[in-house]
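Take a walk through this model, one region after another. Keep the sequence and the coordinates open side by side.

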Amino acid sequence: MCGIVGYSGKKSCLPILLGGLEKLEYRGYDSAGVAVYDGSKVKTVKTQGRLVLLREKLRNGLPGTCGIGHTRWATHGAPSDVNSHPHGTDRLTLVHNGIIENYSELKEELTQKGYSFISQTDTEVAAKFLDACYDGDPISSIRKAVSHFRGSYALAIIFFDRPNTIYALRQGSPLIAADTEEGSMIASDIPALLEYTRDFYLPDEGEILEITENNIRFFDSGGNPAEKKKVTANWSAEAAEKGGYPHFMLKEIYEQPEVVSLTVKTYLTEKCKLSEKPAKRILISACGTAMHAGIAAKQAIEELAGIPVVVDIASEFRYRSPVFCEGDQFIVISQSGETADSLAALRLAKKAGIPTIGLVNVQGSSIAREADHVLYTYAGPEIAVASTKAYNVQLAALFAVSIALAVQNGRLSEEEADWYLSELAAMPEKIKKVLALEKEVAEAAKRFNASDHCFFIGRGMDYAAAQESSLKLKEISYIHSEACAAGELKHGTISLITEGTPVVAIATHPRLWEKSLSNILEVRARGGAVLLVCQENVPVPEGTADILLRIPSCPPLFTPMLTLPLMQLYAYHSAILRGCDVDKPRNLAKSVTVE
Ligand code: F6R
């Protein structure tokens with residue numbers, strides 16, 4: 001949440017800053033701003049709203065070769081010009097990603113010293129607190145200031161008495177740096193810099209960076225110079241482009257056969273075992289879509305490997321008093337590897353001495369660096385705010401893990417495991433078949449689009465799929481939607497079903513088909529309009545559904561890998577029909593680095 005960029009080099013920095021911000025806009029789009037040193041002073045231009053408005057404001061350019069930029073997801077203070085970053089004083093300016101939790105305490109202290117404030121942001125407080133600490137030595141002043149900050153932050157700062165140098169640091173929020181032929185750069189995430197390089201420095205928490213035209217120096221939290229090695233990202237610059245699709249979301253939906261195939265192939269070669277000794281119990285913690293992948297994994301691990309699994313929402317897990325047992329293993333799932341609550345859940349498990357595994361998509365992310373063991377997914381950069389391909393590769397990886405655990409536990413023979421793995425390897429071709437149904441899905445979305453409500457029902461894996469399908473629909477189309485375990489419907493939710501209420505019934509599991517069918521008929525009896533998703537070759541009695549969509553047959557445990565592409569397209573078309581900005585849904589941002 002919030003994106004920051006910085007550049008110091010020989011080139012004009014404005015196009016580089018704006019290009020970088022465009023790649024980071026998925027992190028927040030409430031406002032945008034830049035500060036650029038033009039040779040005599042540092043000029044700031046900022047505005048509420050999307051980056052296009054900032055571009056418009058800057059249409060006459062802003063000369064200079066050193067600058068910082070920001071795209072905001074509002075936390076403290078509404079989206080407005082005055083709350084936009086950069087914030088500063090007459091001695092410095094800075095941009096910030098994260099939250100300074102004790103900002104009101106610091107503000108009080110500063111007010112007593114005579115500082116006044118024009119915005120409602122914690123960032124202005126951070127800037128003024130740094131100003132109060134500034135003694136002409138940036139490194140020691142930054143160290144002094146941040147020793148008073150509580151919360152998570154990544155900061156990029158220009159001191160006006162060193163206007164060609166950027167100082168930066170991270171504590172709990174992401175930041176990468178690169179020295180390229182064009183100059184030195186920093187950014188919140190890899191896509192912002194992919195056009196220039198694939199080799200990055202990953203600053204450690206508390207390290208301070210000094211970024212000049214042809215050098216980046218690192219100082220550890222004690223203020224001593226630190227050595228840093230680069231890591232190479234396995235993403236291409238094209239992967240962060242729309243590639244002819246109208247939206248990143250649609251492109252990413254269509255990338256699923258390829259990225260699932262890549263992920264499955266990697267897992268087949270690596271024969272993923274979580275540890276030498278099988279876990280007695282597995283705890284999974286994650287947020288949003290990643291948590292929904294965890295819910296599906298629970299069923300696969302329990303059914304195949306017979307290991308009990310507890311799935312927890314990371315923001316709940318971290319503030320409960322979770323009970324850990326001997327033999328527990330902890331899996332945190334995260335596309336970005338930076339989600340604040342997931343990271344905190346991981347740290348909690350580590351503190352309890354539980355072996356931890358991070359399933360992440362972004363190399364070098366905080367979770368990847370902190371987990372004892374990392375399993376990667378190979379989705380490439382996911383830019384659309386709504387997660388699509390990342391979910392499917394998480395499923396692919398987690399199913400491969402479930403199979404490996406089952407072999408380790410003696411619940412599957414090598415032959416049985418090979419059968420499951422060959423079925424997993426066949427999924428990409430089946431996903432392609434599902435994607436070929438886009439026209440029918442678009443028609444279905446049209447048919448149900450007039451209603452402001454939608455219910456998703458399913459049992460077992462279909463309930464897991466229903467939860468993720470419902471999230472997809474509501475987050476991008478703003479249609480109120482709810483997922484309900486099909487058998488639970490009659491315990492309350494069915495009272496909301498009236499004539500024409502859209503109900504998406506996911507019933508792909510042969511063993512549960514008859515049970516699901518009864519629930520669908522209960523819905524029909526109340527006038528509900530049913531979109532039924534089932535496997536091919538299942539005889540569906542006349543009149544069961546208003547719309548029928550069939551997925552290719554596959555092992556019941558794997559069905560969410562096919563149901564979701566269908567439902568992602570359903571959400572996409574529902575949102576398009578309502579004129580929504582599918583890549584940047586209101587109030588949301590990707591990579592939730594605040595609590
Ligand atoms: C929904 C969505 C979010 C994320 C959640 C976790 O489409 O994208 O619910 O899944 O914020 O993000 P990661 O996986 O980056 O930890």
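In what sense do strand 7 and strand 8 pair, and over how many bridges? They pair in the antiparallel sense, over four bridges. Two strands count as paired if DSSP finds at least two bridges between them. Helices (H or I, at least four residues) and strands (E, at least two) are DSSP runs, numbered from the N terminus. The model is predicted: local features need pLDDT of at least 70, side-chain atom pairs count only at pLDDT 80 or more, and totals for chains, interfaces and linings use all residues. Residues are numbered from 1 along each chain as its sequence is written, and side-chain values use heavy atoms, with hydrogens and water left out.

Stay with strand 8, residues 166-171. A hairpin of six residues joins strand 7 to strand 8. Within this pairing, alanine 156 has alanine 168 of strand 8 as its bridge partner. Strand 8 also runs antiparallel to strand 12 (residues 208-212), joined by four bridges. There, tyrosine 167 has glutamate 210 of strand 12 as its bridge partner. Five of the six residues of strand 8 are buried, so the rest of the structure largely encloses this strand. Buried means under 20% relative accessible area, exposed over 50%, and partly exposed in between (1.4 Å probe, protein chains only).

The buried residues of helix 4 pack against strand 7 (151-159), strand 5, strand 6 (92-100), helix 3 (103-112) and helix 5 (138-146). Helix 4 is mostly covered, with 11 of its 12 residues buried. Among them are Val125, Phe129, Leu130 and Cys133. Its length also checks out. At 1.5 Å a residue, the 12 residues of helix 4 (residues 122-133) should span 16 Å, and the end C-alpha atoms are 17 Å apart, which agrees. The expected span is 1.5 Å times one less than the number of residues.

Proline 86 sits in the loop between strand 4 (66-72) and strand 5 (87-88). At 3% relative accessibility, proline 86 counts as buried. Leaving aside neighbours within four places in sequence, its contacts include Val34, Thr44, Lys46 and Leu94. Contact means heavy atoms within 4.5 Å.

Next comes a helix pair. The axes of helix 8 (residues 288-305) and helix 12 (residues 389-408) come within 9 Å and cross at roughly 20°. Axes are lines fitted to C-alpha atoms, for helices over the stretch in contact, and angles run from 0 to 180 degrees between N-to-C directions. Helix 8 and helix 12 are therefore roughly parallel to each other, a label for angles under 35 degrees. Among the residues making the contact are Ala293, Ala297 and Ile301 of helix 8, with Leu395, Leu398 and Phe399 of helix 12.

Five strands form an open sheet in the order 22-21-23-24-25. Strand 22 (480-485) and strand 25 (547-551) stand at the edges with a single partner strand each, so one side of each lacks a neighbour in the sheet. The twist averages 20° from one strand to the next. Strand 21 (residues 453-458) and strand 23 (residues 502-506) pair over four bridges. Phenylalanine 455 has valine 503 of strand 23 as its bridge partner. Helix 15 (residues 438-448) packs on the sheet, touching strand 23, strand 24 (529-535) and strand 25. Helix 16 (residues 461-477) lies across strand 21, strand 22 and strand 23, running at about 175° to strand 22.

Finish at helix 18, where 16 of its 18 residues are buried. Just after helix 18, glycine 579 takes a positive phi of about 70°.

Terms used
Parallel < 35°, antiparallel > 145°, perpendicular 65-115°, else oblique.
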